[in-house]
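Visitor: I would like to learn how to read strands and helices in a model like this one. Could you walk me through it?

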Amino acid sequence: MQRIGATGVLLEAVAESKAICYSSEQKKLCSRNYNIMRPLSFRADDLRELLLRNKIATVDELKQALGTTVDVTVFRKLKLLDYLTSYSHRGRYYTLREIALFDDHGLWSEAEVWFSRFGTLLATAEGFVHRSPRGYFADELAPALHVEVQDALHQLTQQERVSRQIVSGRYLYTAIDQTVQRRQLLARRTVEFLPTVADASVLEVSPEEVKAAILLFYSLLDEQQRRLYAGLESLKLGRGGDRQLADFLDLDPHTVARGRYQLLSQDVEADRARKAGAGRKRVEKKRPK
C-alpha cells in the first residue's frame, strides 16, 4: 500500500503495478494529478505551416508558432521535418527542403538569406572547391557564395578537407584528391598565363591557341601601338597588371606603365610611333678623305 501526499488518501498496489482509484474522490484526485503532470502537446505541423507561409523563419519565430519558450522543443519537432539551416547569417534561419528551389550550383536564397544543397558554409565551400575545374581564390569564391569565406577556407585547410597552393603569389584552394588537384592546377596556371582573357572557360579554342594569336597580333603592331595595347590590357587587370603584361609580352614593366599613362592622359601621337625628336639620333656617315 502506498500513501499519496498529505491528503491521507490510500491507493492499493495491485497486479501489474497499476494504481486503481476505488472511490469517487480517489478517482477525482488521480484525474487531477494526471492533468497536472501531463506534458503539453506540440505539433510539428505548426512549424511546417509557418515555414510554408513565410518560407524562412528564425528560432524565435518557430518557438512562437509552437507556443513554447524552449529551444529544444523546436529542434525536437524540426527533426520530424526535412528542414534546412541557412549557411549565411550564422545559420539563424530555417526552411523546408520542399520549399528551396536550388539553382545549378545548389544554392537558393530568400530575402538575401542563403541556403545550400550541401548544408553548412564549410560543406558548401568544400563542395564548390572540389567541383571547380580550376579551384578557387578566396576573392573568387566569396561572390559565388555571397558571403565571406576566408575563415571557412582556413578551417577547411586545417581540417585537411581542401588543399591550398600558391599560384601567382596568392593561395589557390584545390581538392585534396591528387588527380583532381593536378588537373585544377594545370587549368589554373594555363589561365594565369593569359592575363588578357577574363574567363578562359568560355573560350572556344584552347588557351595555347589564344596565346599564339595574341602574340601574333602584338608582333604586327608598331612600337607605340604595342605600348598602348599593353597599357590598355593592364588597365583591365587593375593592380599588378603592369607586371603580368610585362611577363606575358616580354616587356619592361615601365613600358607597360608608360602606355597606361599615355592612354589615361590621352597623350598619343596619332600619325607616328614615336614623338617628334624621340628615338636614336641619326648618325652621319663619314666620307673617306
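Predicted model: local features only at pLDDT ≥ 70, side-chain atom pairs only at ≥ 80, totals over all residues.

Visitor: In which sense do strand 8 and strand 9 pair, and over how many bridges?

Guide: Strand 8 (residues 163–167) pairs with strand 9 (residues 170–174) in the antiparallel sense, over five bridges. To find your place in the pair, look for I166, which stands opposite Y171 in strand 9.

Visitor: How many residues lie between strand 8 and strand 9 in the hairpin?

Guide: There are two residues between them, and S168 in that turn has a positive phi of about 55°.

Visitor: Now the helices. How should I read a crossing angle?

Guide: An angle of 65 to 115 degrees counts as roughly perpendicular. The axes of helix 3 (residues 59–66) and helix 4 (residues 71–78) cross at roughly 85° and come within 9 Å, so these two helices are roughly perpendicular to each other.

Visitor: Which residues of helix 3 and helix 4 meet?

Guide: From helix 3, V59, L62, K63 and L66 meet D71, T73, V74, F75, K77 and L78 of helix 4. This contact divides into six nonpolar, one polar and three charged residues.

Visitor: At what angle do helix 5 and helix 7 pack?

Guide: Helix 5 (residues 121–131) and helix 7 (residues 150–158) pack at about 75°, their axes 9 Å apart, so helix 5 is roughly perpendicular to helix 7. Here L121, L122, A125, E126 and V129 of helix 5 meet A152, L153, Q155 and L156 of helix 7. Seven of the contact residues are nonpolar, one is polar and one is charged.

Terms used. Residues numbered from 1 in each chain as written. Heavy atoms only, no water. Pairing = 2+ DSSP bridges. Helix = DSSP H or I, 4+ residues; strand = E, 2+ residues; numbered from the N terminus. Axes fitted to C-alpha atoms, helices over the stretch in contact; angles between N-to-C directions. Parallel < 35°, antiparallel > 145°, perpendicular 65-115°, else oblique. Contact = heavy atoms within 4.5 Å. Nonpolar A, V, L, I, M, F, W, Y, C, P; charged D, E, K, R; others polar.
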